[in-house]
Amino acid sequence: MNWQALALSVKLAFVVSVVLFVIGMPIAYWIAYSRWRWKFLVESVVALPLVLPPTVLGFYLLVAMGPRSPLGRLWLRAFGHSLSFTFEGLVVASLIYSLPFTVQPFAAAFRSVDQQLAQASATLGVSRLLTFARVTVPLSYAGIITGLVLSFAHTLGEFGVVLMVGGNIPGVTRTVSIDIYDQVQSLNYVSANQTALLLLAVSFLTLSVVYAVNRKVWAL
Amino acid sequence: MKTWLCLLLLLISVLAWCAPGEITVAAASDLTFALTEVAHRFELKTGNRVKLAFGSSGNFYAQIQNGATFDVFFSADLDYPRKLAASGLAVAPTLWVYGTGRIVLWVPADSPLNLGKMGMKALLDPSVQKIAIANPAHAPYGRAAKAALHNLKLYALVRDKLVLGENISQTAQFVASGNAQIGILALSLVVAPTMKDKGTYWEIPADSYPSIEQAAIIPTAATDKTLARAFLDYVRTPEAQAILREYGFQPPPETK
């Protein structure tokens, strides 16, 4: 069992969920309440990673991170090394890959909050930001937890994108799904099975938490 | 109604008998270009159809173990076909070494590195941050690359710069996209039409790594063993061998 790979995956999933929480909130807020005519275009872009094959997304990212793209050159000049084959590179890739899994549950939860409550808060002179923090967010609890747990679980099981931009460096970009794949390729089926079983258990546990929260098992 | 059904069945069987045969061939991805051409010639000659599936030898090995019905399996090494033969999943006497692969250093066309002058020392150039090789844990070309680095006393010096591709084609992608500055690739890949103009290569001395013998075999579950044998026989002809050589595969050590 490769604990290093498992630890790396958990770290990656944790970092990605935290960052997605921060950037997902405003995007979801905008999607939930904007009345802009062309909003559907933004919604489509956010949902794209759900549809694109991970290898396609990974290939685009690999090219974008490379020294031949303007973005890649900019990063290279600023930090002295390319974003590909690094942990930060995996974080950036996973942010894009898991974005819909955060934003969509967030937006759905915000949308289902009774707007009269927010209006009441506004008539009492509370600013929009404070209304959002004190009224909308607490009422969207289940949706926010769903978004966070889904992005965590989705990043944990990520394979194609990591394969394309990671470069399989032990302790840096060799995540648990890549490790399982390598084990299978090297015909170490027993070891692959053990790791896969553990991943299955962790995934089941996380998903159970989501559904338990949604059913208000613990009456949050 | 019954008569019609019988007639229909008769028609189908006649058609099936007249129609040319079809085989499905699983082949290692380094054969992508060479075998496509060989199969095309075979189709023109015999009127049979050859469906080609390219991928990693390890994947095909697992698929054949789990009941995939490929008619011929061209592995990028000798181990997988041998294992299949040993476990009765492939017809042992059909095992045939069809060629040996070579590894090369490769840099993109816009690279400042002059491979002709520097040879293996190019790997130590300060401009090289990442070196792409195929995963030595399961890719035959990766195993050869690692062995060459060891034998030339370079492995310890470059270990922290290595990035591993899942197979040799993906390794090429790492270098061709500029993310890795240099890579150790298969000769068959870098002389292929899609890669030829994209960079330059330098052949790594053949005595610095164990030879990459590549073998084909007919799996026991093959649907059309006769046609599979005919195809293998065609690959043995001088005409097909010339195509393989053109794509960087050295002729097999002993030709039967």
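Author: Helices (H or I, at least four residues) and strands (E, at least two) are DSSP runs, numbered from the N terminus. The model is predicted: local features need pLDDT of at least 70, side-chain atom pairs count only at pLDDT 80 or more, and totals for chains, interfaces and linings use all residues. Residues are numbered from 1 along each chain as its sequence is written, and chains are lettered from A and ligands numbered from 1 in the order in which they are written.

Reader: Which residue with positive phi follows H11(A)?

Author: Helix H11 of chain A covers residues 189–214 and reaches 37 Å from its first C-alpha to its last. After H11(A) comes a residue with phi near 55°, Lys216(A).

Reader: How many helices does chain A have?

Author: The elements of chain A run α-α-α-α-α-α-α-α-α-α-α from the N terminus on. With 0 strands, chain A has a helix count of 11.

Reader: At what angle do the axes of H1(A) and H8(A) cross?

Author: H1(A) spans residues 3–33 and H8(A) residues 141–156. Axes are lines fitted to C-alpha atoms, for helices over the stretch in contact, with angles from 0 to 180 degrees between N-to-C directions. These two axes come within 8 Å and cross at roughly 140°.

Terms used:
Expected span 1.5 Å × (residues − 1).
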